[in-house]
Amino acid sequence: MRSGPNFLRGFMMAHLTDLTVHRGSVLHFLGDPGSAIEPAAGSHEYFEDGALAIADGKVVTAGPASDVLARYPREDRVVDHGRKLLLPGFIDTHIHYPQTDVIASGGRGLLDWLRDYTFPMEQRFGDIAHARPVADFFLDELLRNGTTTALVFCTVHPQSAEAFFESARQRRLRMIAGKVLMDRHCPDYLQDTAATGEAQTRELIGKWHGRERLLYALTPRFAATSTTEQLASVGRMAREFPDVFIQTHAAENLEEVQWIRDVFPDARSYMDVYDRHGLLRERAVYAHCIHIDGSDRERMAHTGAAAAFCPSSNLYLGSGLFDIEAADAAGLRFSIATDIGGGNNFSLLRTMGDAYKVAQLSGKLLPPLRAFYLATAGAARVLRLEDRIGSFRPGTEADFIVLDPDATPLLARRCEQARTLSEKLLVLLALADDRAVAQTWILGRLQHTRA
Ligand SMILES: [Zn+2]
């Protein structure tokens, strides 16, 4: 089938010199499928025998294989993925690269875990010779798990951010990261000051924000580890650089919430501490948001701030259950994130499985289509990057993954029996992990192949 006007084909050929068509099952999201069993109309496109056309690192189109192959009849540039599933790369909206080696450390809860494992490990990132190989390992692990963009904490040391950005640049990844700001209530060896933190942050923004695919995030660790002077400094930078991101933690653990009450007795709530310093705005992502109230959620929704739901971490550290229904009721944007190393695996597939279980424990449903949305287009929406990543809309950056439903004998057996897309996705989020990520493509180029 080679239909279509010749002049159009000629035009396309002339301008798309680097065109490749990937054939397989293609799924992507155009909106939130919602929490009902039936997904919202128009929220996704699924082409069981589909194709994805890519040129110059961007998506040209996605559609039924017969249509796409007819429009771009280039047999020599067709990659046939068989019955594998092509999805936009996963987006992890909360993760700490220096905690790669803290995964699976014990502790009774967040504050012990920070003191006993995380802070001593983070001390080592003042040395770029330590930081760089960890950044390399971390990014390769993300790619092995099909994660192509992440919002990443470094440590307090500017060198840790330098190492991370350089590793991400070499892999041509769209990554967002920032040096941690932390000027009290932590070991001396991890403290900056309001002044040094701001100076180092400004320098890093100037060097890395908007350079190739890299973006910067103002990164106060959490309210308790910054003085009001430092929070005011973050607020000033947040106003001065509206397209720079903000990332921090909020209301993860009850002991932590009480501590914030003691440290900021005048604040109405934990979120109010951030609000008073001008840190609730678009491109601000708050990890956890478990122990917050309706006013906090409404205020976040109103200002455009978003939450990162980290189910694996919340279960592992016993922090609590994120309230999906309350977030929806307030119109609060949220996404699913791993929170390595409180979370204990890099796989957003496994994290979706944990999100599904958290919803079950709350007596709610997280439909599988919505889970996949929250790790792709929904996460891009949280980051306000939906015009660049997270879907196969024409013109978006061609970061995509190839999931193998036959990756393990059990997965193959269960996928074979799935009658609907929803059933197939439920099998994937319940059973799949990095073994199912056959390939990861960055800007249309193969960056990872499963061994
Ligand atoms: Zn975290």
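**Zinc site**

I began with the spacing of the zinc donors along the chain, which reads H-x1-H-x152-H-x89-D. The model is predicted, and I kept that in mind throughout. Next I looked up the donor atoms themselves. The zinc ion is held by NE2 of His94, NE2 of His96, NE2 of His249 and an OD atom of Asp339. The distances run from 2.0 to 2.4 Å.

What is the geometry of the site of the zinc ion? I found it irregular, with angles of 88 to 169° among the four donor atoms. Water is not among the atoms, so a site may look incomplete. Histidine 94 and histidine 96 are both buried.

Isoleucine 340 and glycine 341 are joined by a cis peptide bond, with omega at about 0°. Glycine 341 sits in the loop between β13 (333–336) and α13 (348–361).

**Nonpolar cores**

I asked how many residues the largest nonpolar core has. The count is 112. Among the residues with the most contacts inside this core are Tyr97, Phe164, Met175 and Phe372. Tyr286 is also on that list, and I followed it up. Beyond four places in sequence, tyrosine 286 touches Ile246, Thr248, Ala250, Met271, Tyr274, Leu279, Leu280 and Met300, and also Ala305, Ala306, Ala307 and Ala308. A second core is separate and has 17 residues, including Leu151, Leu215, Ala306 and Leu383. Nonpolar side chains tend to be buried together in soluble globular proteins.

**Phenylalanine 309**

I picked this residue in strand β12 (residues 306–309). Phenylalanine 309 has 0% relative accessibility, so it counts as buried. Its contacts, sequence neighbours within four places aside, are Asn314, Phe322, Ile324, Phe334, Ser335, Ile336, Ala337, Ala355 and Val358. I took one of these for a distance check. Phenylalanine 309 and phenylalanine 334 are 25 residues apart in sequence, and their C-alpha atoms are 6.7 Å apart.

**Cysteines**

I looked for disulfides and the count came to zero. The cut-off is 2.5 Å between the sulfur atoms. Cysteine 310 is buried at 0% relative accessibility. Cysteine 415 is buried too, at 5%.

**Helix α4**

I tested the length of helix α4, residues 128–144. Its 17 residues should span 24 Å at 1.5 Å a residue, and the end C-alpha atoms are 24 Å apart, so the two values agree. I then listed its buried residues: His130, Ala131, Val134, Ala135, Phe138, Leu139, Glu141, Leu142 and Leu143. What covers them? The cover includes strands β5 (90–96), β6 (147–153), β7 (175–178), β15 (437–442) and β16 (445–449), along with helix α5 (158–170).

Serine 25 lies in strand β1 (residues 20–29). It is buried, at 4% relative accessibility. Its contacts beyond four places in sequence include Tyr46, Phe47, Glu48, Arg83, Leu85 and Lys424. I also took a distance to isoleucine 205. That residue is 180 residues from serine 25 in sequence and 40 Å away, C-alpha to C-alpha.

Threonine 376 is in a loop, between α14 (368–374) and α15 (377–382). Its relative accessible area is 0%, so it is buried. Setting aside neighbours within four places, I found threonine 376 in contact with Phe29, Pro88, Gly89, Phe90, Ile91 and Gly390.

**Positive phi**

I noted two arginines here. Arginine 283 is not a glycine, yet its phi is positive, about 65°. It lies in the loop between α9 (270–276) and β11 (284–288). Arginine 384 also has a positive phi, near 60°. This residue is in the loop between α15 and β14 (400–403).

Are these arginines buried or partly exposed? Arginine 283 is partly exposed, with a relative accessible area of 22%. Arginine 384 is buried, with 18%. The line between the two classes is 20%.

Methods
Residues are numbered from 1 along each chain as its sequence is written. This is a predicted model: local features need pLDDT of at least 70, side-chain atom pairs count only at pLDDT 80 or more; totals for chains, interfaces and linings use all residues. Side-chain values use heavy atoms; hydrogens and water are left out. Donors are N, O and S atoms within 2.8 Å of the metal (3.2 Å for Na, K and Ca); water is not among the atoms, so sites may look incomplete. Four donors count as tetrahedral if all angles lie between 85 and 135 degrees; four count as square planar and six as octahedral if opposite donors are over 155 degrees apart and all others between 65 and 115; anything else is irregular. Buried means under 20% relative accessible area, exposed over 50%, partly exposed in between (1.4 Å probe, protein chains only). A nonpolar core is a set of buried Ala, Val, Leu, Ile, Met, Phe, Trp, Tyr and Cys residues joined through side-chain atoms within 4.5 Å. Contact means heavy atoms within 4.5 Å. Helices (H or I, at least four residues) and strands (E, at least two) are DSSP runs, numbered from the N terminus. The expected span of a helix is 1.5 Å times one less than its number of residues.
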